[in-house]
Amino acid sequence: MRPSRRMRDLGVVQQGAAILTERARAFDLPAERDEGERVVGELFAAMDRIGQVHPFAKGMGLAAPQIGISRAAAVVQPPG
């Protein structure tokens with residue numbers, strides 16, 4: 001299976017998708033705290049799925065638009 005297909009199967013939006021060129025909407029905190037926590041939870045879940053298939057020895061970062069959520073949020077997993 002090609003890497004791009006594998007990433008798509010893991011829920012990662014592919015290059016050329018419109019959501020990757022749109023401005024992501026910021027959270028209105030603290031009013032949207034629950035929504036923010038939900039999105040961050042989805043990001044960590046996606047990172048776990050991806051990490052099971054692809055080893056990222058130098059660490060990994062993932063932004064909400066990369067998993068189809070047009071919100072300004074990202075998570076980073078440092079190496080090790």
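For the charge analysis, Lys and Arg count as positive and Asp and Glu as negative, whereas His and the chain ends are not counted. The place of a charge is NZ of Lys, CZ of Arg, CG of Asp or CD of Glu. On this basis, the mean positions of the 11 positive and 9 negative charges of the protein chain lie 11 Å apart.

The model is predicted: local features need pLDDT of at least 70 and side-chain atom pairs count only at pLDDT 80 or more, while totals for chains, interfaces and linings use all residues. Residues are numbered from 1 along each chain as its sequence is written, and side-chain values use heavy atoms, with hydrogens and water left out.

The protein chain contains 2 helices and 2 strands, taken as DSSP runs (H or I, at least four residues, for helices; E, at least two, for strands) numbered from the N terminus. Along the sequence, these elements follow the pattern α-α-β-β. The C-alpha atoms fill a box of roughly 40 × 30 × 15 Å along the principal axes.

Of the 80 residues, 29% are buried (under 20% relative accessible area, 1.4 Å probe, protein chains only). Beyond four places in sequence, L62 touches L43, A46, M47, I50, I67, A73, A74 and V75 (contact: heavy atoms within 4.5 Å).

Key
Buried means under 20% relative accessible area, exposed over 50%, partly exposed in between (1.4 Å probe, protein chains only).
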